[in-house]
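Please examine the sequence and the model shown below. The paragraphs that follow lead through it step by step.

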Amino acid sequence: MVVVLISGRGSNMQALVEAGLPVSAVISNRAQAEGLRVAAARGIATRVVEHGGHATREAFDAALAAAIEGFAPRLVALAGFMRILTPRFVERFAGRLLNIHPSLLPAFPGLHTHERALAAGVKVHGCTVHFVTAELDHGPIVIQAAVPVRADDDAVTLAARVLKQEHVIYPKAVRWFLDGRVALANGAVHIRGGDAQLVMAPH
Ligand code: GRF
């Protein structure tokens with residue numbers, strides 16, 4: 001049903017599994033990704049498609065797409081997957097490719113979001129689940145969680161507060177998707193039935 005792509009720890013993948021979502025496989029571009037062990041221990045199929053083994057980004061993406069298609073998923077969920085995907089890959093899975101990003105998009109796309117949020121002095125930060133489009137960390141927003149930034153935060157404390165909310169909103173978004181409740185119109189998402197697409201973490 002759902003194929004999850006990871007590169008590391010895999011805590012978001014684990015949150016999806018623990019929410020009871022039907023994760024049929026976990027695929028990583030890194031053989032050492034800790035999340036692979038977590039998934040395997042739960043009896044979930046795992047695959048490794050290493051980018052090093054492919055001459056071009058296109059060749060890697062084609063191999064990755066083939067591994068995914070082997071599970072015929074309804075949804076592909078990127079969860080800490082640290083590779084930029086080609087437009088061709090994104091097109092192939094258009095409308096069934098979600099990502100979680102640790103900022104309130106469109107603020108702070110890319111890496112080091114917590115450091116950048118602190119440097120900018122924002123008072124509210126958070127995380128976003130969005131459909132993947134060819135532009136990095138863009139695409140229609142399914143749900144966001146807003147997290148307060150405290151005066152004594154550093155990147156570690158802030159990241160931990162955001163991650164806790166990632167584990168709340170990603171399972172919600174995936175469940176909505178599988179239940180056929182995610183409606184996409186003119187680049188914006190609404191949820192059939194009107195569930196709130198914003199979670200506010202306690203101050
Ligand atoms: C998360 O913060 C995710 O939003 C970001 O990378 C981190 C991955 O964490 N893209 P995990 O592997 O899910 O634990």
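**From the ligand outwards**

An oxygen atom of the ligand lies 2.5 Å from an N or O atom in the side chain of Ser11, a polar contact in the sense of a pair of N or O atoms within 3.5 Å; within protein, one must be able to donate a hydrogen and the other to accept it, and residues adjacent in sequence count only if both atoms are side-chain atoms. For Glu166, an oxygen atom of the ligand is 2.7 Å from an N or O atom of the side chain. The ligand taken alone exposes 370 Å², of which the protein buries 84%; accessible areas come from the Shrake-Rupley method with a 1.4 Å probe, and for residues only the protein chains shown count as cover. Surrounding the ligand are Arg9, Gly10, Ser11, Asn12, Gly80, Ile100, Pro102 and Glu166, where a residue is near a molecule if one of its heavy atoms lies within 4 Å of it.

The model is predicted: local features need pLDDT of at least 70, side-chain atom pairs count only at pLDDT 80 or more, and totals for chains, interfaces and linings use all residues. Residues are numbered from 1 along each chain as its sequence is written, and side-chain values use heavy atoms, with hydrogens and water left out.

Helices here are DSSP runs (H or I, at least four residues), as are strands (E, at least two), numbered from the N terminus; buried means under 20% relative accessible area, exposed over 50%, and partly exposed in between, with a 1.4 Å probe and protein chains only. The buried residues are Ser11, Asn12, Met13, Ala15, Leu16 and Val17. They pack against strand 1 (2-6), strand 2 (23-28), helix 2 (34-41), strand 4 (75-78), strand 5 (97-101) and helix 6. After helix 1 comes Gly20, with a positive phi near 85°.

The domain assignment, which is automatic or from a database, gives domain 1 (1-93) and domain 2 (100-203). Their C-alpha centres lie 20 Å apart, and the contact (heavy atoms within 4.5 Å) takes 18 residues from domain 1 and 16 residues from domain 2.

The largest nonpolar core has 42 residues, and those with the most contacts inside it are Val4, Val26, Val129, Val142, Tyr170 and Val174. Such a core is a set of buried Ala, Val, Leu, Ile, Met, Phe, Trp, Tyr and Cys residues joined through side-chain atoms within 4.5 Å. Helix 6 (residues 155-178) gives the most to this core, with 9 residues. Because domain 1 and domain 2 both give residues to this core, the core lies between them. Val174 touches Val2, Leu16, Leu21, Leu75 and Leu98, not counting residues up to four places away in sequence. A second, separate core of 20 residues includes Ala25, Ile27, Val49 and Leu85.

Leu64, in helix 3 (residues 57-69), is buried at 0% relative accessibility. Apart from residues up to four places away in sequence, Leu64 touches Leu5, Ile27, Val49, Phe81, Leu85 and Phe89.

Thr113 belongs to helix 5 (residues 113-120) and is buried, with a relative accessible area of 4%. The Thr113 side chain reaches the backbone oxygen of Pro102 at 2.8 Å, and Pro102 is also one of the residues surrounding the ligand.
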